[in-house]
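Trainee: Please take one part of this chain and look at it closely with me. I would like the loops.

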Amino acid sequence: PFPTRFLQGTADEDVDMSVALRLIGHARGNDIRLTLVKNADHRFSDPDCLALIAETVEEVSARAA
């Protein structure tokens, strides 16, 4: 019942995209999003991915305020 975000890289060799799809299928709420990032790996640590994480945390935090 709260904002939920899933961020998944398409090049993640440790967690397949199907896992993210299963998780989002089980999640409940009106504000749930899955973002796929092309060519991002499991570490999700390049500058663009880190910026996306920060933006996503800020967005969800603003909705909770």
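Mentor: Read along the sequence, the pattern is β-α-β-α. That gives two helices and two strands. Helices (H or I, at least four residues) and strands (E, at least two) are DSSP runs, numbered from the N terminus. This is a predicted model, where local features need pLDDT of at least 70, side-chain atom pairs count only at pLDDT 80 or more, and totals for chains, interfaces and linings use all residues. Residues are numbered from 1 along each chain as its sequence is written, and side-chain values use heavy atoms, with hydrogens and water left out.

Start with D31. It is found in the loop between α1 (17-26) and β2 (32-37). D31 counts as buried because its relative accessibility is 16%. Buried means under 20% relative accessible area, exposed over 50%, and partly exposed in between (1.4 Å probe, protein chains only). Of the 65 residues of the chain, 20% count as buried.

What does D31 touch, leaving aside its neighbours within four places in sequence? The list is F2, P3, T4, R5 and R63. Contact here means heavy atoms within 4.5 Å. With R63 there is also a polar contact of 3.4 Å, side chain to side chain. A polar contact is a pair of N or O atoms within 3.5 Å; within protein, one must be able to donate a hydrogen and the other to accept it, and residues adjacent in sequence count only if both atoms are side-chain atoms. Now look at the whole chain. Among its contacts with a separation of 6 or more, 68% come from residues 24 or more positions apart.

F44 is buried, because its relative accessible area is 9%.

Next comes the helix. At the start of α2, a side-chain oxygen of D46 reaches to within 3.0 Å of the backbone nitrogen of D48. Helix α2 covers residues 47-64, 18 residues in total. From first C-alpha to last, α2 reaches 26 Å, close to the 26 Å expected at 1.5 Å a residue. That expected span is 1.5 Å times one less than the number of residues.
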